[in-house]
Amino acid sequence: MDLYFETAPLQAGRIASVRDADNATVLGVRRSFGTSIGFRVFSFPEHDVIGTISAENEQAARFELRVGDDANTLIRVARGGGHPLYLLRHGGWLIAGTEKSDSYRGFQGFGFVFSMGPVITSGGRTLRVQVSKEADAVTGVLLAAALDRVRIVTNAQKKPPLQYSFGGAG
């Protein structure tokens, strides 16, 4: 199942609609401002919250994920110089990717369960989220929103290289 949503409105605090391959809205995502990194997914058109993900600080190594009645924890196992490795504990997902390109793939055992990556559309930068089972769509969207926020925070904190100028004293 392929899902698409624009990240700019989402990171700015507005509601982002999650669309399927037929361009029909299936979910909505909104940033939560109570924590450094937090998002809520709600059903469309009912607007019932069906999932949340949050972390207490911006350099989070641990996220609390709740979908329906199921609670889960996403843990960053290795930072890896821009190539982090995450483990979704109770789901048994192992997620690896690249922060710079915002591309990730997740596996459960040897089977594919999740991937995300940016695509450019006429509306701007859009994340494409793929899940192997429709039941994992909410989890995939929450992971994509949180990992995209980690990328934005990480890139914002990088300092520009030092610059030296050697001028003649006159």
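Modeller: We can go from the overall fold to the core and then the surface.
Modeller: This is a predicted model, where local features need pLDDT of at least 70, side-chain atom pairs count only at pLDDT 80 or more, and totals for chains, interfaces and linings use all residues. Residues are numbered from 1 along each chain as its sequence is written, and side-chain values use heavy atoms, with hydrogens and water left out.

Colleague: How many helices and strands does the protein chain have?
Modeller: Two helices and twelve strands. These are DSSP runs: helices are H or I with at least four residues, strands are E with at least two, numbered from the N terminus. The order is β-α-β-β-β-β-β-β-β-β-β-β-β-α.

Colleague: What share of the residues is buried?
Modeller: 41% of the 170 residues. Buried means under 20% relative accessible area, exposed over 50%, partly exposed in between (1.4 Å probe, protein chains only).

Colleague: Which residues have the most contacts inside the largest nonpolar core?
Modeller: Phe5, Phe63, Ile95 and Phe114, in a core of 37 residues. Such a core is a set of buried Ala, Val, Leu, Ile, Met, Phe, Trp, Tyr and Cys residues joined through side-chain atoms within 4.5 Å.

Colleague: And which element gives the largest share of this core?
Modeller: Helix α2, residues 137–157, with ten residues.

Colleague: What does Phe63 touch, leaving aside neighbours within four places in sequence?
Modeller: Its contacts (heavy atoms within 4.5 Å) include Ile37, Leu74, Tyr86 and Val150.

Colleague: New topic. Is Leu94 buried or partly exposed?
Modeller: Leu94 is partly exposed, at 42% relative accessible area. Leu94 is in strand β9, residues 93–98.
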